[in-house]
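Hi there,

Here is the structure I promised to pass on. Have a look at it first, and then read on for what turned up.

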Amino acid sequence: MKESVNKPILAVGPFHPLQEEMEYFQLTVDGEIVTDIDVRISYNHRGIERLSETLQYDQIPFLVSRICGICSASHPLAYINAVEEIAGITPPDRALYVRTIINELERIHSHLLWVGLGGHFIGYDTVFMWAWKYREPVLDLLEAITGNRNNYGNVKVGGCREDIPNELIPKILKELDLVEKKTDMLTKAILDDPVLHVRLKGVGTLSKEDAISYAVTGPTARGSGIAIDVRHDDPYAAYADLDWKVITQTEGDVFAKAVVRLLEIFESIKMVRQALKKLPDGPIAVEVKEIPPGEGFGRAEAPRGETFHYIRSDGGNRPVRHKVRAPSYVNVPSFKASCIGQHIADVTLTLAAVDPCYSCTERLAVVDGRKNVVHDYDALLRLSREKTARIKKEIGVPEIKLEDF
Amino acid sequence: MTEALQNIFWILVFPGFVFTIVLGLVACWIVRKVSALVQWRVGPPLFQPFYDVMKLMGKETLIPQDGQRAVFIAAPIVGLAGVLLLSTMLWRTTITQNDFVGDIIVAIYLMILPSLALILGSSASASPHASIGTSREMKLVMGYELPLVLAFIIVIIKTGGQLSLAEITKFTPALSISGMLAFLVSLLCIQAKLGFVPFDIAESETEIASGLIMEYSGPLLAVWKMMQAMMLVALPLFLVMVFLGGFGTTAGWPLVWGIGKYVLVLVLIILIKNTNPRVRIDQAMKFFWVYCGIALAIAIILASIGSYYDINWL
């Protein structure tokens, strides 16, 4: 079958060396310039929300930590926050600190991972290998604390499963010093490289207005000058007790996002040090008898942005509804604003700069093989809104209009 | 008759095809191993590039349905032939010191052949990724050919109007300001010719999935790999002969000195490859035309003054 190509289309995906996950970016190109972009995801839908409704409250953290290997502390924590809100449980202080430490260690290794991948995307494999080598000790620390390099499975409703033994604290502090020294070297090398400046500055700029209208979160928003951070705005775990600042950059380009991530590594190291110093004595979990009927939501600042979990309980031992919204789900559509009009070389870098995590973002897509009908983003959004309206009607939520605010 | 047989032996075995391909694959291994050491990896074993080529030889060749079959198949062979001729010529000049008029010009022509073959082959493969790779390679060739030729003009000025490679190897133009500038610029041009970072724009893996050679597979891909391996011998060797005095002129131990110079150029290429990100195509063209152009214009003025007043270090 011979087909003439009408529009010059460059396919980034479904399998592309840019990223190892399944995603499809359809770039309409005019020479080297990208004139339009369409995103198609959901090549590997796993039905996490449905699965979660078949599991008991204590089993779900293990499931949601597998939504994403890198955010495998944030997802369970957001879920636990939701369940604890329903049940009105206050975990012991030590558990809150342990959760904070694990989440911040996760942020350090995730940001180092992104820095390495960012290097790889622009052909700078030396940065890739070095950053990943610096990341290894952090994974070793997580393994020493929880028993796993990823998918820690350390939180449970009412506390934590594994404690940080007091004997381990000097070792963690020592390793953190080394990580800080190496990251400092890497940061200086990256921020002073003139070729990197030429390559990253002014690329894939997401203006503050666009960032607000696309409701991006995490380092993507902070790189565009919006100081949102769940840890600061709605503190959970032990973040309210720690002294740290939200890193922002105003430029909104790839370089700003890189700077935000690199500087956040140092903030995280600072937070882990403080948390280890203040680590209170006592138990790490309280007994939880049952989860009463009700609904609750939990948020956590994952390395990529805000992770949101909603749980509805009918008083049984399983949730009747579990809704997950991962940060990449809102960050990915912002490509419409940041990619059009850029060079192909810049677009592939911009796609990677929000650190998208497709396994978090998977949504059900309906594909009819015969008619070649795909329910795209707009159609799914419409379906989602219709369903939300139906549920609201069922449970009798009063109508809320934007004008009321 | 015996002369014809000898010529065939020269082209096919020594110092042509077999000799260069073995050296080239070893050079490939050096590039991969040194890159690995810079990146704190272990790196491949010595025979890995050989295994890669052998394995590709045994794979199926897929030719795109919409592609131009004849051009698609011919292009890698044309490219390989060009590099083969170039390397045979360079080695013969090194070994026997024979020469014919116009050596350096022939070499410049032969050096363009692989790029042209790549452009031909990828434009015949009817793939959007390859077509973007093609346009990038064309722009890149236009970008670096001019500075490269200008750099060789400086060599010709420094050597008093010599065009023959055997004569040029008796001089060492890199030991002067203009010659050094020309050497550095042509080193960067060679980087682009070899398709290494920061100028691997036409093949950039994470953007257009190795664009130029995207549709190639099996033995044809192996031919491209062999061509690139042979370029890894021929192009640094050409720089050594033109700028660094080749193998012959240094007193005592000519072979050791020659190999040392070749390894020096190779290591410089590897270091540039490993300490830079990939640049964009417009940035690369601007770099070659504006910055390299200005540097070479200054170098040509210096070289002309130097040759007029007999000042060797200019």
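The largest nonpolar core has 204 residues; a nonpolar core here is a set of buried Ala, Val, Leu, Ile, Met, Phe, Trp, Tyr and Cys residues joined through C-beta atoms within 7 Å. Buried stands for 20 or more other C-beta atoms within 10 Å of a residue's own, exposed for 12 or fewer, and partly exposed for anything in between, with C-beta atoms placed from the backbone. Among the residues with the most contacts inside this core are L27(A), A131(A) and F238(B). Helix α10 (residues 218-243) of chain B gives the core its largest share, 21 residues.

Before going further, a word on the source: this is a predicted model, where local features need pLDDT of at least 70 and side-chain atom pairs count only at pLDDT 80 or more, while totals for chains, interfaces and linings use all residues. Residues are numbered from 1 along each chain as its sequence is written, and chains are lettered from A and ligands numbered from 1 in the order in which they are written.

Helices (H or I, at least four residues) and strands (E, at least two) are DSSP runs, numbered from the N terminus. Strand β1 (residues 9-12) of chain A pairs with β2(A) in the antiparallel sense over four bridges, and V12(A) stands opposite F25(A). On pairing, the requirement is at least two DSSP bridges between the strands. β2(A) also pairs with strand β3 (residues 33-40) of chain A, antiparallel over seven bridges, and there Q26(A) has D38(A) as its bridge partner. Two residues separate the strands in this hairpin, in which G31(A) takes a positive phi near 70 degrees.

Where does the kink in α4(B) lie? You will find it at A75(B), shortly before the proline P76(B), and it is about 30 degrees; the bend at a residue is the angle between axes fitted to the seven residues ending there and the seven starting there.

Finally, P219(A) sits in helix α9 (residues 218-223) of chain A. P219(A) counts as buried because it has 30 C-beta neighbours inside 10 Å. Beyond four places in sequence, P219(A) is in contact (C-beta atoms, placed from the backbone, within 7 Å) with K257(A), V260(A), R261(A) and E264(A).

Best wishes

Terms used:
Contact = placed C-beta atoms within 7 Å.
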